[in-house]
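This briefing is meant to be read beside the sequence and the structure, with each group of points taking up one topic. Please keep the picture open while you read, and look up each residue as it is named.

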Amino acid sequence: MNMIYVNQAQKPKQSISKRSSSGTNRSPFVKTQQEQHKKESIPIRQEQIYKKTCEDLRQKIKTFNQLQRCNIILFGPSGSGKSSLIRTFNTSLNQIQTLPQMLCIKDLLHNEGTKHFQSINLVQSAENKIFSKKNSYLIQNCEINVLDTRGQIHLSLKENKQVELMLEGKVKNMSLVEQRTYRYAYKLWEFWKQDSELFPQEIISCGTFIPHQILIVFDGSLDKVPNGKEETEFYQQILNLVKQKGYDNPFIILTQLDKLECKFKNHDDYQIYIDCRIESIVQSLKIPRESVFFIENYHGQQQSGELDYQALRLMYECLQQASKYHIQSVECKFF
């Protein structure tokens with residue numbers, strides 16, 4: 001029960017031992033408890049904001065109808081987090097941890113990462129009823145697929161041709177990509193003697209999986225991104241190739257954001273470091289700053305509003321860019 005005193009004379013004297021260092025009559029325990037409550041309430045409010053924003057983004061993505069199909073293709077070195085990014089998209093969008101059996105994510109100490117060109121469906125096309133204040137109407141939402149590729153590092157003439165086939169959508173789903181078995185920086189196609197050996201004729205498609213948006217994924221926790229001169233030149237050539245194909249705004253995705261957070265206790269130092277990393281990518285690969293995204297991937301942990309927001313925002317940006325690419329492609333057919 002709270003006691004209310006009419007004047008100060010009636011108020012009992014507080015012992016010196018319970019006085020705070022500031023000289024007030026409030027005990028240190030009460031002050032600490034209030035501050036602790038304030039500190040705890042801030043993350044709770046932030047999580048509530050993230051939750052509401054994520055719900056809005058999920059609705060926008062699942063009812064996106066500016067094109068019938070969106071294929072998002074991932075390029076990047078083996079081990080950079082491409083397959084994990086697909087898992088993160090799926091977890092954030094559909095709020096489930098399970099993935100199709102074809103998407104196998106394992107430690108690179110035990111395998112060579114993704115070996116197949118494969119399409120992972122995240123959103124199926126279906127009719128959705130949308131309600132407004134006055135009436136309701138049906139829309140056909142966009143089917144969303146993410147195309148996973150085996151890690152690339154060295155752009156030989158034959159590998160250039162293989163990337164070009166992927167950009168033209170001429171590779172069938174679950175096609176095995178033959179490479180040397182060296183890890184990370186030495187996955188080359190140089191031993192192939194003929195261009196026809198890039199893919200056997202029976203796995204060549206007729207343009208079913210034409211990409212609508214390009215993502216190039218790097219491990220952002222590495223000391224250098226891209227990792228060395230050879231890798232920088234390789235992805236500069238990849239970017240030139242995709243722009244020749246009409247993709248005006250490919251995205252660079254830097255993963256493993258959580259590893260960088262652990263290195264910094266001071267938030268300002270951490271933010272300065274992140275800005276410097278992004279600026280380094282902008283300078284080395286000659287791309288706009290707004291085309292670089294830092295993201296954390298799910299690795300079996302409990303779902304997070306902030307992590308969901310990162311992934312959903314990136315997915316929605318991809319849909320918008322895919323729509324622009326589709327419009328430009330249609331216009332090119334008429335002019």
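A residue is called exposed when its relative accessible area is over 50%, buried when that area is under 20%, and partly exposed in between. With that cut-off, K286 is exposed, because its relative accessible area is 60%. The structure is a predicted model, and the points below begin with the whole chain before they turn to single residues.

**The chain as a whole**

- The chain has 335 residues, of which 44% count as buried, and its secondary structure comes to seven helices and nine strands.

**Confidence in the prediction**

- The average pLDDT of the chain is 76, and 67% of the residues score at least 70.
- Confidence is highest in strand β8 (residues 251-255), with a mean of 96, and lowest in strand β6 (residues 175-176), with a mean of 68.
- Over residues 1-31 the pLDDT is below 50, and this stretch has 17 contacts in the model beyond near neighbours in sequence.
- The pLDDT is also below 50 over residues 107-111, a stretch that has seven contacts in the model beyond near neighbours in sequence.

- L74 is in strand β1, which covers residues 69-75, and L74 counts as buried because its relative accessibility is 0%.
- Although L74 and L147 are 73 residues apart along the chain, their C-alpha atoms are separated by 6.1 Å.
- Leaving aside neighbours within four places in sequence, the residues in contact with L74 include L147, K82, I86 and L215.
- N71 also lies in strand β1, and N71 is buried, since its relative accessibility is 0%.
- N71 and I210 are 139 residues apart in sequence, yet the distance from C-alpha to C-alpha is 6.8 Å.
- Residues touched by N71, not counting those up to four places away in sequence, include N145, T208, I210 and H212.

**Nonpolar cores**

- In soluble globular proteins, nonpolar side chains tend to be buried together.
- The largest nonpolar core in this model has 35 residues, and I216 and I252 are the members that touch the most others.
- Elements that give two or more residues to this core include β1, α3 (157-167), β7 (213-219), α4 (229-244) and β8.
- Beyond its neighbours within four places in sequence, I252 is in contact with I216, F218, I281, L285, I287, S291, V292 and F293.
- There is a second, separate core of 32 residues, and L85, V123, F293 and L314 are among its members.

- Most residues other than glycine have a negative phi, and most peptide bonds are trans.
- The peptide bond from V225 to P226 is cis, with omega near -10 degrees, and P226 is placed in the loop between β7 and α4.
- Q256, in the loop between β8 and α5, has a positive phi near 65 degrees, and Q256 counts as buried because its relative accessibility is 12%.
- K286 has a positive phi near 55 degrees, and this residue lies in the loop between α6 and β9.

- K243 is found in helix α4, and K243 counts as partly exposed because its relative accessibility is 35%.
- Leaving aside neighbours within four places in sequence, K243 is in contact with D248, P250 and K286.
- The C-alpha atoms of K243 and I214 are separated by 10.0 Å, and the two residues are 29 residues apart along the chain.

**The largest pocket**

- The largest pocket has a volume of about 610 Å³.
- It is lined by 23 residues, of which L257, Y270, F294, E306 and Q310 are the closest to its centre.
- At least two residues of the lining are supplied by each of α5, α6, β9 and α7 (305-334).

Notes:
Residues numbered from 1 in each chain as written. Predicted model: local features only at pLDDT ≥ 70, side-chain atom pairs only at ≥ 80, totals over all residues. Heavy atoms only, no water. Helix = DSSP H or I, 4+ residues; strand = E, 2+ residues; numbered from the N terminus. Buried < 20%, exposed > 50% of the residue type's maximum accessible area, 1.4 Å probe, protein only. pLDDT = per-residue confidence, 0-100. Contact = heavy atoms within 4.5 Å. Core = buried A, V, L, I, M, F, W, Y, C linked by side-chain atoms within 4.5 Å. 1 Å grid on protein atoms, 1.4 Å probe; cavity = no way out; pocket = protein on both sides within 12 Å on 5 of 7 lines; lining within 4 Å. Points joined across faces, edges and corners; volume = space filled by probe spheres on them.
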